[in-house]
Amino acid sequence: MKRGQIRMTELGKEETATGAKSVTQQLHLRLRMHSPVFICIVAFLLRILAIGMVQTRPMDGASPLWKSGLEIVNIASSIASHKGFSSPFGIESGPTAWIPPVYPALVAAIFTLLGSRSDLAAITILAMQALFSALTCIPLYAIARRVFDENSAAVAAWGWAFFPYELLIPELFVWETSLSALLLVLACYFSIDLSQNDRWKPVLAGIAWGIAALTSTALISVMPVFVSLPHFFKRRARFPYKTIATVMLVSALLVCPWILRNWHALGAMVPVRSNFGEELWVGNHEGGFGRIVSGLGPADNEAERERYRTMGELSYVTQRRRQAIHFISANPAPFCRRVLYRFRYWWFAEGEHAAAFTFYRLLTLLSFAGVVLALPKSKDPLVLAILASIVIYPLVYYVTDVYPRYRYPLEPFLMLFAGFAISRLFALRKRKIGTAFVS
């Protein structure tokens, strides 16, 4: 063989090796881009970086951070000082069920270990919230892949990792929003295909729903949707009563001790939390405009705080509920206008001008587009369940009070449909480019 031919053969082998290496690198990149664990790690690192962007140190007792979740922080401080689950407004007012128990207990554990309202405790709480938010990527990816496809799952998970509003909310407030979002998608994931022969899945679903109820009571509103609705649209010999009963029983076993505690401490049957009357009054009272106004409740009004302490929690919220119901019955037209206002605020943050709300509204529009594109798949029971949850979850907020972070637990499902819309857009663009290239 001539020297030139030998050289050409060697160059051909090098090009083949280079091409194989390039293909391998592309494959590894694709695997990473479609790895929910990798996406979760990136999401967590971004949220840790965001702490330094939105918070100023030291975050000690004078930091405004502690006022962002005042009731949770006060109850946690009470627990850490061995005074029990009590005093949500910073004065000695006795046992409370104003807030569900899970998140104040987590914050109290951090206070006990690192000091109440200390700088280190603040960093730990924010890092914990960042972790909860980042972990949401994993079940979100699994649900999106089950409902749509792998590309939609990757877009939804990466969207959750990078979307500014989802990224910043866990670093702004001491609140249960990031944990609630994680618990809702986990409960949904464990509730998928409950009829399959997996005896542990109903137990895990029941545990997830029970913890969710003890973290944010609103989450339990969509439990019947995910546990039972899909089975009505499947053709099978019989309805899985035993499986659904297992889920309900396990979740009830987790919630019942807290209800019994409320009965013993407050002397009344309080299903998880007590403050519905206050929330109803906040959005529906004479002189109000439909949602919370600073300075009117016991959290930031000294006279109301003293009245709350004197009357006791249950009497206070009962009076607030009666006032709200009287206002609603006497003013049906203004009440309907407020409901419509809260609906607009929930989806489009009406009246808010901060840059973050641009992304809030963008997610609404993208998710609506995804819902429209997903309608041909509406025969899928899980798609129907997720759509139903998006409709049902905010109903209580339309009636009572609305605030931007209240929507955060539902936003993984909005991101799921937004991811579907974006992936379909990319697929359409590739198809057009391919058609143009062929022609």
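**Terms and their cut-offs**

Reply: Trp98 is buried, and Tyr308 is buried as well, where buried stands for under 20% relative accessible area, exposed for over 50% and partly exposed for what lies in between, with a 1.4 Å probe and protein chains only. The model is predicted, so local features need pLDDT of at least 70 and side-chain atom pairs count only at pLDDT 80 or more, while totals for chains, interfaces and linings use all residues. Residues are numbered from 1 along each chain as its sequence is written, and side-chain values use heavy atoms, with hydrogens and water left out.

Me: Why is the aromatic pair of Trp98 and Tyr308 called edge-to-face?

Reply: Rings of Phe, Tyr and Trp (its six-membered ring) pair if their centres lie within 6.5 Å, and planes under 30 degrees apart count as stacked, over 60 as edge-to-face and the rest as tilted. Trp98 and Tyr308 are 5.7 Å apart centre to centre with 90° between the planes, so they form a pair and it is edge-to-face.

Me: What makes Arg407 count as a charge over the ring of Tyr360?

Reply: NZ of Lys or CZ of Arg must be within 6 Å of the ring centre and within 35 degrees of the ring normal. The charged end of Arg407 sits over the ring of Tyr360, 3.8 Å from its centre.

Me: Why are α3 and α4 called oblique to each other?

Reply: Angles under 35 degrees count as roughly parallel, over 145 as roughly antiparallel, 65 to 115 as roughly perpendicular and the rest as oblique. α3 and α4 pack at an angle of about 55°, and they are therefore oblique.

Terms used
Axes are lines fitted to C-alpha atoms, for helices over the stretch in contact, and angles run from 0 to 180 degrees between N-to-C directions. Helices (H or I, at least four residues) and strands (E, at least two) are DSSP runs, numbered from the N terminus.
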